[in-house]
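This report describes selected parts of one protein chain. Please keep the sequence and the structure in view while reading.

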Amino acid sequence: MDASALWQRYQDWLYYHEGLGLYLDVSRVRFDDSFCTSMKPKFDKAFKDMEALEGGAIMNPDENRMVGHYWLRDPEIAPTPEIKQEIVSTLEKIEAFAKKVHTSQVKPPGAPKFTDLLSIGIGGSALGPQFVAQALTPDSPPLKIHFIDNTDPDGIDRVLGELKDRLSSTLTLVISKSGGTPEPSNGMKEAKHAYETQGLDFSKHAIATTGVGSKLDQLAKSEGWIDTFPMADWVGGRTSELSAVGLLPAALQGIDVRAMLEGAKVMDGATRKPDWKTNPSALLALSWYYVGNGKGEKDMVVLPYKDSLQVFSRYLQQLVMESLGKEKDLDGNVVNQGIAVYGNKGSTDQHAYVQQLRDGVPNFFATFIEVLQDRLGPSPEVEPNVTAGDYLSGFLQGTRQALYENQRDSITITIPEVTPRHVGALIALYERAVSLYGFLVNINAYHQPGVEAGKKAAATVLNLQQDLLKVLKAERTALSLEALVNKAGASENVEQAYKILRHLAANDRGVVLQGNLAQPASLTISYRA
C-alpha cells in the first residue's frame, strides 16, 4: 500500500474519544471491508450478549454468579437496589477510612501515624493494585506501598526486610475473596510472624478486603482487626481493580479513585455502542480476531512507551489470558482458545526483542501505548531542537513503521497523559474488549477451571508430603526411595515424592538424602528430628 493510501486508511480507521483525548489506531491491522462485513453477525450477537451480562445474567455457571464489574463505576445500572447500595456504601467507606488514616484518626499503637502499606494478594488482587501504584502513586504518597504477591519465602523476606525498621508504622492489607487461597493466606501468616517477632500486635495493624462471611472475614473479626471491606461475589479477581480490591490501596496512597471510576464510566459508555467501527473495544476485538484467525494464532505483544505503565502488560496478561484461555467453548467443543500476552516497555525493548519482532517468526501482533505528555514542565534539549521525549516518540513511530514494512500488524493506543481518569479508561477499554472477543469466539470469559485444577494438584502434592513425613518419622532406619513410597501408598508418584524429599532436604526440614544424587532411585532417605 503506497503512502497516500496508507494515510487515507489511517484517517478512515482512527478512533478518537474527545472527552478522554484517547486515540485508537487499528489502521496497521490488514483486515479489509469483506472481512468486516463477514464479522457483522458475530458482533450483532456479541453486543446482545454484552447487554445481558450488564443486565445481571448468570455468566459464571461454575459459581452461579453474575459478572458485574461494570456496575462499580455506574451504580445506577446495577440490577437491584441492594447491589447499588453496596457499591455506594463501600466506596464511601473506603474514602472515609483513607481520610482517617491520612489524618491519624486511625493510627498504630506505637507510632504517630501509618507510614507504609503492605498489600498481600495474588493474581488480580496484586496485579491491578501494582499497575495502578506504579502508574499513579504521587511522588510523596501518604503511605508508601509494598507488595507480597507470591508464596516465595525469599521474596517475602525481601519485602519484610525493606519494612523492618518501619513495621511498627505499617498498615497491612490482606486481599482474598474466600480467605482460603494459599498465597495470600501464607503471606498473612508470614507478616503476622514478623510483627510478633518485633513484639507488635498484628491485629492493630491489619485490615482485609474479602467476601462477607468468608474465612478471612471471620478471622479478622475474631482477632479484632482494624476493619474489613467487602469483596462482592459478582466481581472476579481479574476485573476487581475498580472494586474495593484496588480502590482501597489506591485511596490510601492518595490516588483520586473517583477520577479512576469516572474515566472507566466514560469508556464504558463509549464501548456500549452496538457499532464496531465507533466502539473502541469492538475495534480491538475485531483486530484480535483478524490477526489470530479467531483462534489466537498470534501473540499479543504490549509495548507501553512510558515507564509508569510498565506493569500494564502484566496486568493485561492476566486479564486476557485467564479470561480467554479455555479448552472448551460454550457448546462443549474442544477449541483450546486464548491469546498469549507478553511485553515490557519501550524503548527498552528496542534493545531486547524488537529484533525478533521485526525479522523473526511472525507469530505476534504489537500493541503500542503512547502517552503524548512527556513530563510536567519543560524538557531540556539533548540535541538541538530535540528532547529525550522526542527520542521516545521517534522510537515508537519508527518501530511501528518497521514492523508494518515487514508484514507485522500493530495497534496503537494514545492517551494525552497518565492520570487516574485515563488509567480507569484503559482498564475499562480492555475489560470490554475481552468480553466482546469471548462472545465472538463463543467461550466463557468468566470462569477459570484451569486455575482451579492447578490449586487441586498443589493440594495433592502437599498431602503426599504429609504422608511421606509420617512414614519417615515412624521409621528408625533409612529407607530406599522405593520402600518409602510403597509404605506411603504412593508407588505411582515416585518422581513427585522424590522432588518433595529433595526440597525438604535442601531446607533442613529433617529429611536426609544419602547416595548418588545423580541417580535418584539409588538414594536412601531418613529423618533426623
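## Terms and basis

Two strands are said to pair if DSSP finds at least two bridges between them. Helices (H or I, at least four residues) and strands (E, at least two) are DSSP runs, numbered from the N terminus.

The model is predicted, so local features need pLDDT of at least 70 and side-chain atom pairs count only at pLDDT 80 or more, while totals for chains, interfaces and linings use all residues. Residues are numbered from 1 along each chain as its sequence is written, and side-chain values use heavy atoms, with hydrogens and water left out.

## The five-stranded sheet

Five strands, in the order E6-E5-E7-E8-E9, form an open sheet with parallel pairing. Because E6 and E9 are at the edges with a single partner strand each, one side of each has no neighbour in the sheet. On average, neighbouring strands of this sheet are turned by 20 degrees against each other, direction ignored. For such angles, axes are lines fitted to C-alpha atoms, for helices over the stretch in contact, and angles run from 0 to 180 degrees between N-to-C directions.

Strand E8 (residues 206-210) pairs with strand E9 (residues 227-230) in the parallel sense over four bridges. Ala208 is opposite Thr228 in E9, and Thr209 has Phe229 of E9 as its bridge partner. Helix H3 (residues 81-102) packs on the sheet and touches E7, E8 and E9; the direction of H3 makes about 150 degrees with that of E9. H7 also packs on the sheet, touching E7, E8 and E9, and its direction makes about 155 degrees with that of E8. Contact here means heavy atoms within 4.5 Å.

## A buried helix

Helix H4 (residues 124-136) has 13 residues, which should span 18 Å at 1.5 Å a residue; the end C-alpha atoms are 18 Å apart, so the two values agree. The expected span is 1.5 Å times one less than the number of residues.

Is H4 mostly enclosed or open? Since 12 of its 13 residues are buried, H4 is largely enclosed by the rest of the structure. Buried means under 20% relative accessible area, exposed over 50%, and partly exposed in between (1.4 Å probe, protein chains only). Among the buried residues of H4 are Gly124, Pro129 and Phe131. The elements that these buried residues pack against include strand E6 (144-148), helix H8 (244-252) and helix H14 (420-440).
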